[in-house]
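Let's go through this model together, asking at each step what lies behind the words used for it.

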Amino acid sequence: MKNNKKHFLIWALLCLTMLISSIGILPSTTTQAAAKTDAQLTAIKKRGYMVLGVSADYPPYEFHKTINGEDKVVGFDIDLARQVAKDIGVELRIKELGFNSLMGSLKTGKVDMIVSAMTPTPERRKEVAFSDSYLTVAQKVIVRKGEENKYRSVMDFKGQSVGVQKQTTQETTAKEEMSGAKVVSLEKVTDLILNLQQKKLSAVVVEAPVADAYVQTNKALALANIKFTNANYDCAIALPKGSPAYLASVNKTIKKVKSNGQFKEWRKTANEQMFTEQNFWQAYGSYFVKGTGITIVLTIIGVLFGSLLGTLLALMKRAHSKIIKAIATVYIQYFRGTPLLVQVFMIYFGTQVIGINVSAFVSAAIALSLNSGAYVSEVIRSGIQSVAKGQTEAARSLGLSSKKAMRLVVLPQAIKTILPALGNEFISLLKESAIVSVIGVGELMFQTTVVQGSSFKPFLPLVITSLIYFVLTLILSLLLRYFEKKMKVGKAKNEVFD
Ligand code: ARG
């Protein structure tokens, strides 16, 4: 009896709720009401801005464009992201990364969402959450003009090199379906196109809108008529897991812009932006200037802090304490024994893992300084060692303290060996700074790939960049030679004086 009463009550309540919501008094269902709050969304709103992670090498989805002399990331993905932010009520900030660094950035909280033509694959769904699909596209194969008839099915690529972007769905498709083909994975779509033109690749697999964009803007390329079994991929927005309200808000925006025609409008604009002719220098000159500036600043920071750290390490290695010595040895061994690329990623993502939010630029500056410190310390150490032992002994026997012997006798002679080697270290630091482009620092190499992508010219930007690096290292060498000479003159004077 009691049970019956309870059942009746529940039924009555349910009917009432349905009745009320159907006449619009209770617009949101209980699940939506619960989803109004979630930690991620609250954090974004409190911050006042959200960070978009994007790999802007994918016209017309996302690419660079100079608008009124200013470099902008444009494309329909960007418009969509902007609308998402607007609907949440915050500002959008854009963070550029390589496509294969996007997932890591979202998972470590460096970015709040990814809009980068990303396909929600089962593997990715294990790591992050995905919105509803905003676009479904086919896969196409780009080949060199004149060769389009050579390839009629996936089987025709046997023994050929086929290029794909690293860690994309195209990589999986090419490996699974183009049996016998050698699949080559590269970081940037622009690199793929360059390799195709240089005959290092026979074909490139990308999403249809991107393939169409490249073929329409590059007369040396054509589309092969290839059908894949796994032909259509969705594109969706990736978000952190466990944020139902945030996800609901993103889905609402997607639904809205698809039904009111806005998304179509953005696609049209992106296509138009892609094809407006521009004078190369007018459009891209500023990218090289900006990139060169950042490269120089990074190198100066690396040289400065690297030298300080290197001196400290060299001193530590000469210390009496075994522990201090061991710390210096392990440090040097570690930073010389692991690739700079790994170190850059370790600092960029590692700081986030331990709860400090360090910008890409600062991460890059730290990585370069730490790395250069290890090399500089070895340069100093070997310089000191190059001075014959007899020199110290003679100085000591003349009554100089060991500190004085070092300062007055050993170091002035060691400088002669140290300086040229130090010069080499600075030159390689300048060149190696190109590596930090992987975390999206806008230095010279980064800007080069940007220009390659938006100008559809894969080779020319590389030539320009190589010339800029050449001139920079030349200036640095001349500067160093000047200082070396000056030191020698100083020394000669001393000798006369002595
Ligand atoms: N849809 C493919 C994927 O999710 C490729 C996306 C590449 N996007 C880019 N911005 N480069 O794997």
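Q: Where does alanine 117 lie?

A: Alanine 117 sits in the loop between strand S5 (113–114) and helix H6 (122–127). Helices (H or I, at least four residues) and strands (E, at least two) are DSSP runs, numbered from the N terminus. A quick word on the source: this is a predicted model, in which local features need pLDDT of at least 70 and side-chain atom pairs count only at pLDDT 80 or more, while totals for chains, interfaces and linings use all residues. Residues are numbered from 1 along each chain as its sequence is written, and side-chain values use heavy atoms, with hydrogens and water left out.

Q: Why is alanine 117 called buried?

A: Buried means under 20% relative accessible area, exposed over 50%, and partly exposed in between (1.4 Å probe, protein chains only). Alanine 117 has a relative accessible area of 5%, so it counts as buried.

Q: What makes the phi of alanine 117 worth a look?

A: Its phi is near 55°, a positive value in a residue other than glycine. Most residues other than glycine have a negative phi, and most peptide bonds are trans.

Q: Is lysine 199 buried or exposed?

A: Lysine 199 has a relative accessibility of 62%, so it counts as exposed. Lysine 199 also has a positive phi, of about 65°, and is found in the loop between helix H8 (189–197) and strand S9 (203–207).

Q: Which prolines does a cis peptide bond join?

A: Proline 59 and proline 60 are joined that way, with omega about 5°. Proline 60 belongs to the loop between strand S1 (49–54) and strand S2 (63–67).

Q: What makes a space in this model a cavity?

A: On a 1 Å grid over the protein atoms alone, a cavity is a set of points where a 1.4 Å probe fits but cannot get out; lining residues have an atom within 4 Å of a point. The structure holds 2 cavities of 30 Å³ or more. The largest cavity has a volume of about 80 Å³, and among its 14 lining residues Tyr58, Phe99, Ala117, Thr168 and Glu207 lie nearest its centre.

Q: Why is the second largest cavity said to lie between domain 1 (39–133 + 238–274) and domain 3 (280–497)?

A: Both domains give residues to its lining, so the second largest cavity lies between them; the domain bounds come from an automatic or database domain assignment. Its lining is made of Ala56, Asp57, Glu96, Lys188, Phe446, Thr449 and Val450. Helix H18 (residues 444–455) gives the most, with 3 residues.

Methods
1 Å grid on protein atoms, 1.4 Å probe; cavity = no way out; pocket = protein on both sides within 12 Å on 5 of 7 lines; lining within 4 Å. Points joined across faces, edges and corners; volume = space filled by probe spheres on them.
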